[in-house]
Amino acid sequence: MDMMDEWIEFSKELAQASGEIIRRYFRTPITVETKADRTPLTIADQESERLMRRLIQERYPHHGILGEEFETLNPGADYQWVLDPIDGTKNFVGGTPLFGTLIGLMKEGRSILGAIHNPITAQFLVGDGDHCWLNGEPVRVRDCARVEDATLLTTSHWSVFQYQDGPAFEAFSKRAKMYRTWGDCYGYYLVASGFADIMIDPAMHLWDVVALVPIIEGAGGRITDYYGGDPLSTRGAVATAGPLHAEVIRALNPGVKP
């Protein structure tokens, strides 16, 4: 087994362990705190990230860890695990299973492995930048050459107005064959597995996006920031099946020169 195979297997272990905790709290009366950025925080977020951190430290003590809920560990390490224990905590709190755990691995600042795990539906999607597998079976983005034939997804319509050119996005959304807010990591999962064509977020944190890059690229798609640049810039994210990407970026940023 080479190192990538080993890391993929380990990411499954992390997903399964954290998933047990998350399922235990799903649709139960738990306390919901509000963080400084006005996003929700639950005991499920904290306990699942704490467990993944412990498992990483036991297996790879020289690796670093960047997670949403706790301090960065060993930030100078060549290898950095990047964790979002529940991407879509609002959905989790609302009893909606459109959320997931994001597990990413970076090497010297480059994202080399990513996984999305939905502990409620038992879906484990993992990509290494060249390939992408859903529960062990290879998946690819689907062919879509026209916006008018596309399924467009985003996490929050109104957050686009807060962070980006809202009117441009709204006009673009009306061109799509179908537009839905099946967002957070679930939207990227749908693009990578061939059930949607465009997923857009106007603002991201590093822990939101690191895992997505090897998944989308491994499935044959494209992912950039909102302006067509480095997806790790945290200036939003746009993932597509590929052929539409340049057109999508132009439509979202009509006043920006390429």
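**Exercise 1.** Find which residues Y188 is in contact with, leaving aside its neighbours within four places in sequence.

*Solution.* Contact means heavy atoms within 4.5 Å. With the neighbours within four places in sequence set aside, the list for Y188 is M199, I200, D201, M204, L212, I216, I223, A237 and A239.

The model is predicted: local features need pLDDT of at least 70, side-chain atom pairs count only at pLDDT 80 or more, and totals for chains, interfaces and linings use all residues. Residues are numbered from 1 along each chain as its sequence is written, and side-chain values use heavy atoms, with hydrogens and water left out.

**Exercise 2.** Describe the largest nonpolar core and state which element gives the most to it.

*Solution.* Start with the term: a nonpolar core is a set of buried (under 20% relative accessible area, 1.4 Å probe, protein chains only) Ala, Val, Leu, Ile, Met, Phe, Trp, Tyr and Cys residues joined through side-chain atoms within 4.5 Å. The largest one has 34 residues, and I116, L125, Y188, L212 and I223 have the most contacts inside it. Next, look at the helices (DSSP H or I, at least four residues) and strands (E, at least two), numbered from the N terminus. Elements that each supply at least two residues include β5 (100-107), α7 (206-209) and β14 (237-240). The most comes from α6, with 6 residues. Another core, of 18 residues, lies apart and has M52, I56, W81 and I103 among its members.

**Exercise 3.** Locate D184 and decide whether D184 is buried or exposed.

*Solution.* D184 is in the loop between β11 (178-180) and α6 (185-192). Its phi is near 55°, a positive value in a residue other than glycine. With a relative accessible area of 18%, D184 is buried.

Notes. Buried < 20%, exposed > 50% of the residue type's maximum accessible area, 1.4 Å probe, protein only.
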